[in-house]
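I set out below, in order, what I looked up in this structure. Each entry takes up one topic.

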Amino acid sequence: MMSDDFVPFNFLGLPEERTTPERAKYSIVPVAYEGTVTYGTGTKHGPAAIIAASREVETYDVRTGIELADLGIYTLPEVAAVATGPEPMVARVEEVIAGELAAGRVAIMLGGEHSLTTGAVRAYHRKYPALSVLQIDAHPDLRDSYQGSPYSHASAMRRVREVCPNVTVGARNCSSEEKSYIDAERVPIFWARDIAGRDDWYDRCLDNLSDDVYLTFDLDGLDPSVMPAVGTPEPGGLGWYETLNFLQYVFDHKKVVGADVVELAPIPGLLYPDFTAAQLTASIIRMMHLATKK
Ligand SMILES: [Mn+2]
């Protein structure tokens with residue numbers, strides 16, 4: 001029931017008849033979970049903040065002419081946190097995402113902490129056995145375990161690499177243990193410092209990806225001037241257009257089958273990071289839609 005008295009709480013604030021799951025091609029899966037976060041907390045508030053901000057995003061895009069309200073985007077209710085720990089939580093995410101894929105929708109997960117990505121990748125890998133993962137992140141997240149947990153946010157990619165290959169873009173820092181692993185396993189990492197302001201690394205980066213790509217976007221991959229609302233705002237990250245140009249190149253050359261946007265930790269009273277995360281999510285859906293038109 002729509003009336004002027006209610007603003008729908010879904011991604012982009014779409015009227016109910018535009019968000020029915022039966023007709024949707026895309027689903028937004030909010031997972032409000034931060035079981036292993038250690039420093040700046042609050043990422044469990046990330047999904048709701050992105051959805052709240054998304055209701056102010058212009059659904060029409062002047063550059064492409066795409067009207068997002070016409071695409072069929074359904075927002076799931078928030079996936080409840082599992083209290084028994086990060087491993088069952090990852091399993092829960094895998095189950096929910098697999099259900100979306102079985103229903104024929106492209107699931108876009110909103111986190112929540114980065115450990116959740118493991119569950120989403122497991123579900124996508126079952127549907128796309130040749131999957132590879134593109135990670136945008138300030139950190140490689142390759143610790144074998146962190147503070148006793150192999151399912152820590154700091155171990156997200158280590159678990160993902162047990163499922164399929166990955167490439168990391170925008171990293172600035174890692175531990176010595178991770179560096180040893182990166183060297184021994186030849187993990188492809190495009191460090192922020194080496195790629196800043198350039199595009200001559202795009203093809204080398206894409207050489208490390210299969211045709212079916214899952215994009216995991218840790219918001220701390222962006223520069224803190226663009227995105228301060230993360231647990232560890234490392235200086236020297238990616239700029240806004242730098243990010244969009246690279247992503248467009250990826251969408252032009254690979255089939256991006258799924259994505260997540262994780263680790264927003266909203267700062268009370270500071271709206272632009274939430275809005276930036278919402279715009280990034282909208283841009284990813286727009287690029288996915290454009291790619292299917294080709
Ligand atoms: Mn991360």
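**Entry 1. Two residues in loops**

Between which two elements is the place of Arg186? I found Arg186 in the loop between α5 (176-185) and β6 (189-191). I note at the outset that the model is a predicted one. Phi of Arg186 is near 50°, a positive value in a residue other than glycine.

I looked up Gln147 next. Its phi is likewise positive, near 50°, and Gln147 is not a glycine. Gln147 lies in the loop between β4 (132-136) and α4 (156-160). Because 10 other C-beta atoms are within 10 Å of Gln147, I record this residue as exposed.

**Entry 2. A cis peptide bond**

I checked the bond from Gly111 to Gly112. This peptide bond is cis, and its omega is near 10°. Gly112 has its place in the loop between β3 (106-111) and α3 (117-127).

**Entry 3. The nonpolar core**

Which residues touch the most other members of the largest nonpolar core? I found that this core has 77 residues, and that Val29, Ile73, Ile108 and Met109 touch the most other members. The element that gives the most to this core is α9, with eight residues.

I took Val29 as a case to follow. Val29 is placed in strand β1 (residues 26-31). A residue is buried if 20 or more other C-beta atoms lie within 10 Å of its own. Val29 has 26 such atoms within 10 Å, so I record Val29 as buried. Leaving aside residues up to four places away in sequence, I listed its contacts: Val29 touches Leu76, Val79, Val96, Ile97, Glu100, Ala107, Ile108, Met109 and Leu110. I also looked up the separation of Val29 and Asn245, which are 216 residues apart along the chain; their C-alpha atoms are separated by 25 Å.

For Ile73 I listed contacts with residues beyond four places in sequence. Among them are Phe11, Leu12, Leu14, Tyr26, Ile28 and Leu68. Ile285 is also touched by Ile73.

I asked how many of the nine residues of α1 are buried. Seven are buried, so α1 is largely enclosed by the rest of the structure. I list the buried residues of α1 as Gly46, Pro47, Ala49, Ile50, Ile51, Ala53 and Ser54. They pack against β1, β2 (73-75), β3 and α9.

I then turned to the packing of α1 with α9. Helix α1 (residues 46-54) and α9 pack at an angle of about 80°, and their axes are 8 Å apart. Because angles of 65 to 115 degrees count as roughly perpendicular, I record α1 as roughly perpendicular to α9. From α1, the contact takes in Ala49, Ile50, Ala52, Ala53 and Ser54; from α9, it takes in Asp274, Phe275, Ala277, Ala278, Thr281 and Ala282. By class, I note eight nonpolar, two polar and one charged residue in this contact.

**Entry 4. Helices α8 and α9**

At what angle do α8 and α9 pack? Helix α8 (residues 240-253) packs with helix α9 (residues 272-293) at about 30°, with the axes 10 Å apart. The angle makes α8 roughly parallel to α9. The crossing of α8 past α9 is right-handed. In this contact, Leu244, Leu247, Gln248 and Phe251 of α8 meet Ser283, Met287 and Ala291 of α9. I note five nonpolar and two polar residues here, and no charged residues.

**Entry 5. Helices α2 and α3**

I looked up one further pair. Helix α2 (residues 86-102) and α3 pack at an angle of about 40°, with their axes 7 Å apart. I therefore record α2 and α3 as oblique to each other. Their crossing is right-handed. On the α2 side, the contact is made by Val90, Ala91, Val93, Glu94, Ile97, Ala98 and Leu101. On the α3 side, I list Thr118, Gly119, Ala120, Arg122, Ala123, Tyr124, Arg126 and Lys127. The residues of this contact divide into nine nonpolar, two polar and four charged.

Key: Residues are numbered from 1 along each chain as its sequence is written. This is a predicted model: local features need pLDDT of at least 70, side-chain atom pairs count only at pLDDT 80 or more; totals for chains, interfaces and linings use all residues. Axes are lines fitted to C-alpha atoms, for helices over the stretch in contact, and angles run from 0 to 180 degrees between N-to-C directions. Helices (H or I, at least four residues) and strands (E, at least two) are DSSP runs, numbered from the N terminus. Angles under 35 degrees count as roughly parallel, over 145 as roughly antiparallel, 65 to 115 as roughly perpendicular and the rest as oblique. A crossing is left-handed if the near helix is turned anticlockwise from the far one by less than a right angle, and right-handed if clockwise. Two residues are in contact if their C-beta atoms, placed from the backbone, lie within 7 Å. Ala, Val, Leu, Ile, Met, Phe, Trp, Tyr, Cys and Pro count as nonpolar, Asp, Glu, Lys and Arg as charged, and the others, Gly among them, as polar. A residue is buried if 20 or more other C-beta atoms lie within 10 Å of its own, exposed if 12 or fewer, and partly exposed in between; C-beta atoms are placed from the backbone. A nonpolar core is a set of buried Ala, Val, Leu, Ile, Met, Phe, Trp, Tyr and Cys residues joined through C-beta atoms within 7 Å.
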